[in-house]
Amino acid sequence: MMDRALVFLARLKALFLRSSDDAAFDNEVEAHLEMLAERYQSQGMDAAEAKRAARRQFGNVTLLTQKRKEARTTMFFSNVARDLRYGVRQLVKTPVFTLVCVLTLALGVGANTAVFSVMHAVLTKMLPVHDASRVVYVHTSDLPDGAHNTGDFNTSFSYAAYREFREHSGLQEVIGYIPMSSSGKAPVRVGVLPEEAAGDMVSGNYFSGLGVGVEQGRGFVQKDEDDHAAVTVISENFWTSHYAHSPDVIGKTLLIKSHPFTIVGVAAKGFEGTEGRIPLDFWIPLQSDPEFNAWGNPAVDGTYLTLPTFWCIRLLARIPDGVTQEQALAKAQGIFQQVAYLGIAQKRAGERVPQLSFFPAKQFDGQDESFARSLKTLMAMVGLVLLIAMCNIVMLLMARNANRQREFSIRLAIGAGRKEIARQLLTESFLLVTLGGVTAWIFALGATRALGAWAQIDSNLQPDSVVLWFTLCVLMLSALVFGLAPLRAAISSGPEMALRSSATASQVTTRNVRTGNIVIVMQVAMCVVLLVGAALLMGTLRNLMNIPLGQKPEGVLVFGVRPQHIQSKEESIAFFGNLQQRLRTIPGVEAVSFAANRPGSGWSSNNGGLRVDGHKPNGVEPKEAYYRHNTVGSDYFRTMGVPVLQGRDFSDADSATAPPTVIVNETFAKKYLGTVNAVGHVLSNSKGLRPRLIVGVVKDHKYTGITEETRPMHWTVFMQEDLENQLNVEMRVQGDPMAMLPTVRRFMHEIDPDMPLLEPMAQSEVFRLSISQQIMFARLAGCFGVLAVVLISTGLYGTLSYRVNRRNAEIGVRMALGAQRRQIVWMVLRGSLLLTAVGVVIGVPAAIAASKGIESSLYGVKALDVVSYLFAIAGVTIVALAASGLPAGRAGSVDPSTALRAD
Amino acid sequence: MAADKSEVLQGTLDLMILKTLHALGPLHGFGIARRIEQLSDDVLTLNEGTVYTSLLRLQQKSWIASEWGVSENNRRARFYRITKRGLKQLAIETENWERISGVIGRVLALETKVEP
């Protein structure tokens, strides 16, 4: 083994050192010959004779040089080069075959690579931090009673709990971070134009605790957190896009929420914050200014620093060395359950105690189960597609190589070894796979981006080395399969076959036919599975697209507005009231209103506690009466196109000084008042305080997103609410809402040049985005289904037409003996229909199993939807008929005399 | 070709070259060829070129090494010498050869059974 390796290395070296080495060898031989000649001369021969004798004695110089060359650089390389040339010629000779194979591979492997790379990035990629295996996301199960939060309840902690926890938990580091707002973004300004950038307020140990380095300057220190210093670290991306990678960025000022922050560092390239969804542009230390309250909430009663009941800070922790995660968790659990109640009156009897849990520091905090499931389903689907694609190529190769049987036989007969033929087949498949692989990789790069867009993930999706290895492994496997599958058939024929006549020799053996049949049946079965899946998901898609929204989002423009310097309720009412009046004057604007939570964005206020006219609402305990709420502006329902069933819409007259009003939806009226005639009744909180008069009942409509279930809901106007420091402007305009955007921008710039429009978009787009994942999933799955069907039909067509061609002689005999055209066609069709039927019989149970797996992704379609199954069965039957119909027709028109004479 | 001359037995050329280099120290190809010819008392017909094929093979296996030098009659020539690895191999192959030739010798020494 060692020797072989040494020889190989020596040969490899020789390959590259060829020319000088060759010259040296020639010299050596020359010297030898001269010395030999001299010797003969000294024995008495004359010069010429001596030379001849020397040559005779030395042997064939040319042969020696040749042998030496072969030995030196190994036949392997020159043979491979020859095989490659031959392979290329073969592929060029059959361009359609080559193109089909390459495209099939590209689609199969490319789709797999793309889905795998997204799955890898989302499910397994770790944060780019030092020793990520010891870093965890900290989650909790419950909030203590009396606490509230902005974001997800299981990732939020109070600042007080965080401080204490950090000191006493025994964890090496406890790192806190708070997004700038519910969207994660905040207004910033580098030059003249205000814009939004994503940022986190973080603890002083954020960079040091995570072990994230800097490109320039420094990370934060504890003093930055303690002093709430006005310093910021920006991301490498932001540095590149806004400061052109300038090294003197350190010390420059970045305006965040109109406050000047000094840039002290640029984070290491590739680090874009935690949790992954949006890549962060900047980090600032925890701030104390009310304008920098957690999640951009108005600081009416205090900030996150002063309100222990406000759970808002997210935590990461580093497990100390030498301690297992379980031990660390057990210790932290005890401490946490004490500090959780800091600043909260007292633990109530029977209250569920919050439980900590640790999650690995993956790029994406692994919470979105359904998303992971969708990805796994997609992976399974593209895996099937790849399998089908590979089956197809194998069948195509077999069919092609069967036509080359004679070529192989002749080669065997004239002395080629089986090894040579194997090597040549492998070389050809390697060529195919290389071509397909390169195309696949290009395709995958694009597809990954598209998938990223689907998942609404901006960062770190580029295929990395793991993905590359995955793809290479798939390709290597394909190369082997493609090379070896046709091999047995190719060499089993043996040299004697070349001598037989073509027709008898080319009779397909029973075993080959059976293998082919199995492949066809399996393909049909897989086709059924994929078609059923695609049909179910397409049904889901159709249902999703056709859900009535209960409103007319078309023609409505929405954008967020966050005035920076509003400190009181009065200022807020004055600002937004004025804004509404001014926006109404823009030509083409039909109605303007506000919404605190943007409809369709997924955000909602959920409340509980309600009395109707001071009593229990319709038999429900006042505390148990849950409802959703949104704060809106006057004209809201007219602007949004929601029908008012009873009473009226909000108007400018519902001012801060007017009697408080509320509008409810149908479901609310039915559930809590027992009737739709709710106007005139009075709602109050569970203690009977803060009474509000119901002035209208509106038709049920969608609030958080397209797929939500209708719930009891009510609306109040911002003029009669607490301080609102951010509202969404809803604007009904004539024509395309986005066309109005530039006008609105100019308009807003005049009002306040530091105030960017927050996420401006068409309102219909907001709703569409709320189901974009499902839509994309359904579309992708549909695409893969169709792709599979296309692959299968080309595969079936290829195989069946090849089979018919091989039976030409037999068909000729049959016709000569009096078979009708009809009978011949039927004979061919019957064969493939039979195979299809067997495939369907196997495919249907498999499809039932598979559709159970995607049940959770379905909307309004049952997993056992009969129509989808019928569609799938009809689909494969049509494909099979089409694929065999053409060759069958051809078979029917075989001219018996030609067919027979061909032999 | 004279009947009393025989071809070099397959695989033995390598062994002979190794042994020659081991016994005589660094030699050029011509020298090796001469030495083997001498030793064989002209029994072996040696295509001297085959020496080079063998030298190349041995060199690729790192059993011998080579460097350029000047021959006794002032010619530039490549000198081959045996390496440590080559020494080990020589020992192994010598033992092998002795064992095999022993076996062959014993077989050939069998007395012919005379048929009655």
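1. Let us start with A:Asp613, which counts as partly exposed at 35% relative accessibility. This residue sits in the loop between strand 17 (611–612) and strand 18 (626–632) of chain A. For background, most residues other than glycine have a negative phi. Please keep in mind that this is a predicted model.

2. With a relative accessibility of 25%, A:Ser258 counts as partly exposed.

3. Now a step back to chain A as a whole. The chain contains 26 helices and 25 strands. Of its 903 residues, 51% are buried. If you take the contacts in chain A between residues at least 6 apart in sequence, 80% of them join residues at least 24 apart.

4. Just after helix 6 of chain A comes A:Gly170, with a positive phi of about 80°.

5. Is A:Asp224 buried or exposed? A:Asp224 is buried, because its relative accessible area is 6%, and buried means under 20%. The side chain of A:Asp224 has a polar contact, at 2.8 Å, with the side chain of A:Arg218. Leaving aside neighbours within four places in sequence, the residues in contact with A:Asp224 are A:Arg218, A:Gly219, A:Ala229, A:Val231 and A:Pro285.

6. Aromatic rings deserve a point of their own. Over all chains, the count comes to 27 aromatic pairs. One of them joins A:Phe207 and A:Trp283 in an edge-to-face arrangement, with 5.4 Å centre to centre and 80° between the planes. A:Phe207 lies in helix 7 (residues 206–210) of chain A and A:Trp283 in strand 11 (residues 282–285) of chain A, so the pair ties together parts that are 76 residues apart in sequence. Both A:Phe207 and A:Trp283 are buried. The two residues also belong to one aromatic cluster, together with A:Tyr177, A:Tyr206, A:Phe220 and A:Phe271.

7. Next, a record to compare with the model. An unreviewed UniProt entry lists "transmembrane region" for several spans of chain A: residues 378–399, 425–446, 466–487, 518–541, 776–797, 824–848 and 868–888. In the model, residues 776–797 of chain A are 100% helix and 0% strand, and the end C-alpha atoms lie 31 Å apart. Residues 868–888 of chain A are likewise 100% helix and 0% strand. The end C-alpha atoms of residues 868–888 of chain A are 29 Å apart.

8. Chain B brings a sheet to examine. Its 3 strands form an open sheet in the order 1-3-2, with antiparallel pairing. Which strands stand at the edges? Strand 1 (27–28) and strand 2 of chain B do; each has a single partner strand, so one side of each is left without a neighbour in the sheet.

9. Within that sheet, strand 2 (residues 64–70) and strand 3 (residues 76–82) of chain B pair in the antiparallel sense over 7 bridges. You can follow the pairing residue by residue: B:Trp68 has B:Arg78 in strand 3 of chain B as its bridge partner, and B:Gly69 stands opposite B:Ala77. Strand 2 and strand 3 of chain B form a hairpin with 5 residues between them. B:Asn74, in the turn, has a positive phi of about 60°.

Conventions:
Residues numbered from 1 in each chain as written. Chains lettered and ligands numbered in written order. Predicted model: local features only at pLDDT ≥ 70, side-chain atom pairs only at ≥ 80, totals over all residues. Heavy atoms only, no water. Buried < 20%, exposed > 50% of the residue type's maximum accessible area, 1.4 Å probe, protein only. Polar contact = N/O pair within 3.5 Å; in protein donor to acceptor, adjacent residues only side chain to side chain. Contact = heavy atoms within 4.5 Å. Pairing = 2+ DSSP bridges. Helix = DSSP H or I, 4+ residues; strand = E, 2+ residues; numbered from the N terminus. UniProt positions renumbered as here; feature names shortened; annotations may be inferred. Phe/Tyr/Trp six-rings, centres within 6.5 Å; stacked < 30°, edge-to-face > 60°.
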